Amino acid sequence: MKRVLEGSQAVAEAVRLAKVDVISAYPITPQTHIVEFLSEYCAKGTMNARFLRVESEHSALATLIGAATTGVRTFTATSSQGLALMHELLHWTTGARVPVVMAEVNRALGPGWNIWTDQTDSLAQRDTGWIQLYCENGQEVLDTIIQAFRLGEWVNLPVMVVLDAFFLSHTYEPVDVPDQEPVDHFLPPYEPKFQVDTKDPRAFGSLVAPNAYMEMRYNIAEAMEEAQSCFQKIEDEYKGIFGRRYGLVEPVYCDDAEIVLVTSGTITSTSRQVINDLRARGEKVGLLKIKLFRPFPVDIIRQILKSIPKVAVIDRNISFGASGIFAQEVRAALCNLAGHPLVFGYIVGLGGRDVTTDVLEDIYWRTKNNNVPEKESIWLGLQEV
Amino acid sequence: MAEKKETENVVPLLFPRSSMSTENNLTGSWRFLKPCYEEKTAPCSTACPAGEDIGRVEMLMTQGMFKEAWETILKENPFPAVCGRVCFHPCEGKCNRGEFDDPVAIRSIERFLADAALRNEFNPSFDRLSSRKEKIAVIGAGPSGLAAAYFLTLLGYTCDVFESMPEAGGILRWGIPLYRLPVSVLRSEIARIENLGVHIHTGKHISQDFLKKAQGDYSAIFMGCGHSSTRRLNIHGEDIEGVENGLEFLGKIRRGEKYSFDGPVAVIGGGNTAVDVARNVVRLGGKSLIVYRRRRRDMPAFDQEIQMALEEGVEIRELLAPAKVESNGNEYTLTVQLMKVTGKDIDGRAAIEPEGGKTEEITVRKIFKAIGEEAAESWYNPPGKNKSIITLSNSVLVQNSKGSVLVFGGDLTNKTKSVVHAVASGKEAAIALDVLFKKGFDAIESGLETCTVGEGPSLSMEVYMGGPRCDRTHHVVVYDEINTDYFQMASRVSQPRLLIEERLKTFGEIDLKISANSAMKEAGRCFNCGLCNQCDNCYFFCPDLAILRDDGPQGRHINYDYCKGCGVCVVECPRNAMVLKEENQ
């Protein structure tokens, strides 16, 4: 049924439909609406889940690691400083191989104190072994959350579903909320491959000596690699039931493009309009939306971009001392291709600054008018201070 | 779809999981600090001259174990029903709860337990030592003599108590007014002492000859004759008819003599006797005027008694020293010298001197003298110091050449003249004699030191007799050592009392009983400083499951194979019943 929902409620509706058993979270703007909706569902009995209140994000995730080890479906949500506080346990979740699902609302890190959107918080956690999926609109958020449980439980890795603060979390859009029955069909109850069993006691997360640690890490790397094809199969199945599919990445007009804009999150929607406008004026421009950031879909990206002369990567994030993080990843993916495209990196929209059609068009022209990138990262829209 | 799932990618899943028991990991080897159960001393019990184990009494009370709580008092004090009414409760002044909200109403709970025991005819079980051959005479059946006989009997001695009055009780029977201590209550407590095997011989004239003979018949004699004689004012006219001694007046009332007053009555003095006399007078129709030479705040009477006297309409005139008394018909003129404060005396009371020649005349219908009491006979008092005398905290022990021993106690030796100090005196004498008979004269002082509550001077008979209280350390728990996170503010039970209008018409007991429910609730306010009440915080908080329950008296012990010495149990113990020590200590 189509409903007009806030992005946060799209998350909550998906969690409800996924029949999560245990939720634990600590409120932080702009994620708060998600846990407010969920706590209300739990209180009203709309959801039959335990909502565990805790004193910090660190405890929220610790709680869910414990809960997930008992073999139940778990969910949390956070943002920014809250995610940073979880850092230690993000690694632990992966090492413990428990499929916790998290909604991460991209928010800038302070100080300067800023509650608006910025991807640096989630991208800074790229090495923790969490699968990361970036969403463009409310519908994608709902669908991706439901898929995330299938994916995480399949490969025994935690999954982070990422959405932009306010542009997505607090924006109302029509969202098709599926009925429970097809969701149950797509996402049956969690069947854990291991769990705490008092009749057969085990110690979890114990000491691992150098003779086995590396194998365990390799094992996680393999599971992460496997997640790409697993997610594709999940999407196939989802499309079969619900008619929607997003892809690990989504290429638009890339076949004959001379310049391709690489985007993620809500900037993608604005870019769709920009490339249409430019195409109408005869410009050979394309768009590549990256949804799956971890594992990074290197092969597909190479395949799509291999014969494109110039690629403009738009980053709403910054790795200080390096460049935009998506740009780094795209460059790394392409560098071993003979005659690989030139990669232009643009830093825009930090701390929630608007990324308008004008900004995106400026990126196109700068890329077109320069034979090579002036710098690794070009910061756009900086004002005199 | 199930079939489809089987064709799904098989994902590798290698992660740390061990089937080896974590018991193999003896985390106790990491420890350099060691938590231990260690019960300590509550400040109330050191403040109690009788050394009652108040923290434990309140704990048992909270658990509804009224008989056991009452028996815990009886180990240290034979008079819970009396002290539950008339004690000036120094315990409450030292209660750590006082720094949190209000002190626990310890006296009200003691009275509740004692009354519950009487009402339900509880038959107490006593720990008694085996019989001894020594026989001991006690002179005076007041609180100190009866306490001495009680404790000596528990220690295995045969005791005869000799009392000149027709009934035992001393000041409790003949001094303290009925509105504070009903006679039936006193009789029940004395009967319990007699049932223990103490022989009380009343109506026995005590003379020096009697004492001499007793010294031949008994191994020791406890002198608890009390202070029954009112001190003289040494002013003109004090012996004229109509000027009476306060204590005698109280005795006459207690013997049933009829008095009635009309108009103002002067009571000279500032002690408990003066206040009791004044309060009796208002009940008999008079208007009481306490005339005291220092200030009201310097009065040795207990504050609460002064407060109630004022409520009942007693007037206090301060800084007035009596100078002379003259009779004119059916009235008396009391001339008083006005006094002024010049500083502090050694007790912290006002030092005073006459204010020039200023005097005042007060016309009254009757005068009572109550400036303090002394022994009725000089030979009641202990002799001066010499090497065969040991002066203890609440008694004086004299070994005379013939080998029989005299112990002087109660008001004869106590600085503070209170019932509970009399009990302390009787207990100290009993323990001192037991040490003397078993280990000799020179062992007495060190013998008493083994059973002090905290650093003393209060003594514990339970500790002396080797009871479980021996395991407590002498460390007195202070407020900062209580983990108040575990306590909620709660108002202290208010003592229900007769209305003032009712008090003035009757000698009925002023303090009314409190319900079992409120007594238990009040006992629940007790921090039980230094005592384990089995709250199990240590058990719940231990991250290593190293607290194990057992059937021992503590109820639990620490498994040091796994205790890492983190100390969380000690920190989370609400009442400081645990301690963290260095490993090698």
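How many other C-beta atoms lie within 10 Å of B:Glu318, and is B:Glu318 buried, exposed or partly exposed?

Tutor: B:Glu318 is partly exposed, because 18 other C-beta atoms lie within 10 Å. Buried means 20 or more other C-beta atoms within 10 Å, exposed means 12 or fewer, and partly exposed is in between, with C-beta atoms placed from the backbone. This is a predicted model: local features need pLDDT of at least 70, side-chain atom pairs count only at pLDDT 80 or more, and totals for chains, interfaces and linings use all residues. Residues are numbered from 1 along each chain as its sequence is written, while chains are lettered from A and ligands numbered from 1 in the order in which they are written.

Now the setting. B:Glu318 is in the loop between strand E11 (315-317) and strand E12 (320-328) of chain B. Helices (H or I, at least four residues) and strands (E, at least two) are DSSP runs, numbered from the N terminus. Set aside neighbours within four places in sequence, and B:Glu318 is in contact with B:Tyr292, B:Arg294, B:Arg295 and B:Arg296. Contact means C-beta atoms, placed from the backbone, within 7 Å. B:Cys95 is 223 residues from B:Glu318 in sequence and 32 Å from it in space, C-alpha to C-alpha.

Next, the domains of chain B. They are domain 1 (24-39 + 532-582), domain 2 (44-125 + 484-524), domain 3 (135-228 + 375-471) and domain 4 (232-373). The bounds come from an automatic or database domain assignment. The centres of domain 2 and domain 4 of chain B, taken over C-alpha atoms, are 32 Å apart. Five residues of domain 2 of chain B are in contact with five of domain 4 of chain B. On the domain 2 side of chain B, four of these residues are nonpolar, none polar and one charged. Here Ala, Val, Leu, Ile, Met, Phe, Trp, Tyr, Cys and Pro count as nonpolar, Asp, Glu, Lys and Arg as charged, and the others, Gly among them, as polar.

Look also at helix H4 (residues 66-74) of chain B. Its buried residues include B:Trp70, B:Ile73 and B:Leu74. Helix H3 (54-62), helix H5 (80-86) and helix H7 (106-119) of chain B are among what covers the buried residues of H4(B).

Then cross to chain A. In chain B, 13 residues are in contact with 24 residues of chain A. The chain B side divides into seven nonpolar, four polar and two charged residues. Strand E9 (residues 203-204) of chain A pairs with strand E1 (residues 17-18) of chain B, antiparallel, over two bridges. Pairing requires at least two DSSP bridges between two strands. A:Ala203 is opposite B:Ser18 in E1(B).

Finish with helix H13 (residues 357-369) of chain A. Its 13 residues reach 18 Å from first C-alpha to last, close to the 18 Å expected at 1.5 Å a residue. That expected span is 1.5 Å times one less than the number of residues. A:Leu360, A:Ile363, A:Tyr364 and A:Thr367 are the buried residues of H13(A). They are on the same side of H13(A) because they cover an arc of only 95° around the axis. The arc is that of the directions from the helix axis to the C-beta atoms. Packing partners of these buried residues include helix H10 (267-280) and strand E12 (285-290) of chain A. The face of H13(A) turned away from the buried side carries exposed A:Asp358, A:Trp365 and A:Asn369.

Technical notes:
Contact = placed C-beta atoms within 7 Å.
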